[in-house]
Amino acid sequence: MPRRHIRVTGVPLADAFTALRTELGVPSDFPPEVLAEAAGTPPPKAYDDATDLPLFTIDPPTSMDLDQAMHLSRRGTGYRVRYAIADVAAFVVPGSALDAETHRRVMTLYFPDSRVPLHPPVLGEGAASLLPDQVRPAALWTIDLDADGRTVAADVRRALVRSRAKLDYEGVQRAINSGTAEEPLLLLREIGEARERLEAERGGISLRVPEQEIVERDGTYELTYRAGVPADGWNAQISLLTGMAAADLMLAYGTGVLRTLPAAPDGAVGRLRRTAHALHIDWPHHVSYAALVRSLDPREPRHAAFLQECTTLLRGAGYTVFRDGVLPAITTHAAVAAPYTHCTAPLRRLVDRYTSEICLAVSEGKAVPEWVLAAFEALPREMSEGGRLAAKAERACVDIVEAALLKDRVGEVFEGCVVEVEEHRQPDVGTVQLESPAVIGRIDGEGLVLGERLRVRVVRSDPGTSAGVAKVRFAPA
């Protein structure tokens, strides 16, 4: 699921981010015993040899923690997707110090100036990463699709793999657009577009949330957006396809961990309708929320602001465990519009190691390992707490950057709209989304109306206050 991305260029905020990490209790260095275990030799396991498969990875250019590699081919009138996922369980011994540390960290945390990894770099960016021209253990999925992109068969096995190329999104897009891409890469577009059509058919939603970029020019801050290229979405569809296949496999077996999200309440969608109206986004009543989202251009500031608000509908997502054939009441993820699980990012997210192990056991006709089942009771809570910390860090980083953007513009007036009102407060307290720049801040005033357009004055913009304290404050102009 998408998150708000932040990139800070030339903005001297390192001290603020360092203080934030300290305040939130974000782990820093790995203990010596954890580093020693991460650098050790993994215990031997039986693997198929798939090193002849010409896999490739698609990630940001600077990424070294490469979780997934793929190969795409035609199969009759349909397609075959081979998707290799880093086999982190091959390196992490259950009950070890390294295992305990991953349960303490839960997921990789991203800050504008650094990242706090789930695994020591020697493992997450080295021995377990699907780096090019390196033989690596993996959970290798084989997913066969029909001509429309629907899954007809899915299987996963342990295999040794070797990626041939480390690609990035912009480079992939250029190669496809120019016609110089080889067939496996051209099929990324073909399969990706087919899966996007199926997503629309079942009512699923992929939010194309733009990357928020703060740039310092001539002593002032400017806010811009970087919208992802289509290849970002096609690549995400392969990951979604695998997560859906894994969920189906676990549901058929009767034991697993799902990523679930109930349908959004009517009130939440109604609030978005008022926000859309305030931002001059046409949303006819006969057009569904999913259809509207697909029509938006994240490069347009008003659309970008609305897409950021759309992420509020994803806040109810959680992790649901089940076993022994007793299925949970909710098995689907409302944004995916199908059963779904996290399984494609084990280097960056704890739960993926467990879902991969379940799927491997089911495919191999073996019992799910006891160490996996033993984690079921605590795993949803751990993931939820880790997710809350990641969200809090993300929100605080956005607050710091937005406050830096406006710190020299206190007293200036901007056009905005009210996107939230806290009832039963005197005076009214609400949240305002500026149309441009796309900054969110608190506002005090009388008679605030949700969705109302109004002119607001910046009365405070302090990038140095604590996490959870509003850094940008507005008042009606």
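1. Let's start with the cysteines. A disulfide here is a pair of cysteine sulfur atoms within 2.5 Å, and by this rule the count comes to zero disulfides. As background, a disulfide is a covalent bond between the sulfur atoms of two cysteines. For Cys310, the closest cysteine sulfur is in Cys417, 12 Å away and too far for a bond. Cys310 is also buried, with a relative accessible area of 0%; buried means under 20% relative accessible area, exposed over 50%, and partly exposed in between (1.4 Å probe, protein chains only). Cys397 counts as buried too, at 0% relative accessibility.

2. A word on what you are looking at. This is a predicted model, in which local features need pLDDT of at least 70 and side-chain atom pairs count only at pLDDT 80 or more, while totals for chains, interfaces and linings use all residues. Residues are numbered from 1 along each chain as its sequence is written, and side-chain values use heavy atoms, with hydrogens and water left out.

3. Next, helix α1, residues 14-24. Helices (H or I, at least four residues) and strands (E, at least two) are DSSP runs, numbered from the N terminus. Phe17, Leu20, Arg21 and Leu24 of α1 are buried. Seen down the axis of α1, these buried residues fall within an arc of 100°, so they line one face of the helix; the arc is that of the directions from the helix axis to the C-beta atoms. Asp15 and Thr22, on the other side of α1, are exposed. After α1 comes Gly25, with a positive phi near 70°.

4. Two strands pair if DSSP finds at least two bridges between them. Strand β4 (residues 68-75) runs antiparallel to β5, joined by eight bridges, with Gln68 opposite Ile85 in β5. β4 and β5 form a hairpin with two residues between them, and Gly76 in the turn has a positive phi of about 65°.

5. β5 also pairs with strand β8 (residues 135-145), in the antiparallel sense over eight bridges. Here Arg80 stands opposite Asp144 in β8.

6. Finally, find helix α5 (residues 169-178) and helix α7 (residues 230-253), whose axes come within 8 Å and cross at roughly 105°. Axes are lines fitted to C-alpha atoms, for helices over the stretch in contact, and angles run from 0 to 180 degrees between N-to-C directions. α5 and α7 are therefore roughly perpendicular to each other, a label for angles of 65 to 115 degrees. Tyr169, Val172, Gln173 and Ile176 in α5 meet Pro230, Ala231, Asp232, Trp234 and Asn235 in α7, where contact means heavy atoms within 4.5 Å.

Methods: Angles under 35 degrees count as roughly parallel, over 145 as roughly antiparallel, 65 to 115 as roughly perpendicular and the rest as oblique.
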